[in-house]
Amino acid sequence: MAKVGRPPSKDKKKKVLSVRLPNDLYERLVEYTKINETSFSDVTINALEDWINSNK
């Protein structure tokens, strides 16, 4: 029987970050991900990278 599930990623992410968001910010995030066809993770990673790079 063939394996079922997501194929292994080349860039394995091993850390998990849990964040509490205000309802309005969460709703904006949901809307943004739908419009831009992206994931919460991608938006969060890109935002953190931009913020860290701009605050060096």
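The legends below describe close-up views of a predicted model.

**View 1. Helix α1, from residue 23 to residue 36, and its length.** Helix α1 holds 14 residues, and at 1.5 Å a residue these should span 20 Å, which agrees with the 20 Å that separates its end C-alpha atoms. After the helix comes Glu 37, a residue whose phi is positive, near 50°.

**View 2. The buried and the exposed residues of α1.** Leu 29, Val 30 and Thr 33 are the buried residues of this helix. They lie on the same side of α1, because the arc that they cover around the axis is only 100°. An α-helix has 3.6 residues a turn, so residues three or four places apart point the same way. The cover over the buried residues of α1 includes α2, which runs through residues 40–54. On the other side of α1, the residues Asp 24, Glu 27, Arg 28 and Ile 35 are exposed.

**View 3. A nonpolar patch on the surface.** The patch is formed by Leu 17, Val 19, Leu 21, Leu 25, Tyr 26, Phe 40, Leu 48, Trp 51 and Ile 52, which together have about 870 Å² of accessible area. At least two residues of the patch come from each of α1 and α2, and α2 gives the most, with 4 residues.

**View 4. Val 19, a member of the nonpolar patch.** Val 19 is found in the segment before α1. With a relative accessible area of 54%, Val 19 counts as exposed, because that term applies to values over 50%.

Definitions and conventions
Residues numbered from 1 in each chain as written. Predicted model: local features only at pLDDT ≥ 70, side-chain atom pairs only at ≥ 80, totals over all residues. Heavy atoms only, no water. Expected span 1.5 Å × (residues − 1). Buried < 20%, exposed > 50% of the residue type's maximum accessible area, 1.4 Å probe, protein only. Arc of directions from axis to C-beta. Contact = heavy atoms within 4.5 Å. Patch = residues over 30% accessible without salt bridge, like charges linked within 9 Å, V, L, I, M, F, W, Y side chains within 5 Å. Areas by Shrake-Rupley, 256 points an atom, 1.4 Å probe, with all protein chains shown as cover. Salt bridge = Lys/Arg side-chain N within 4 Å of Asp/Glu carboxyl O.
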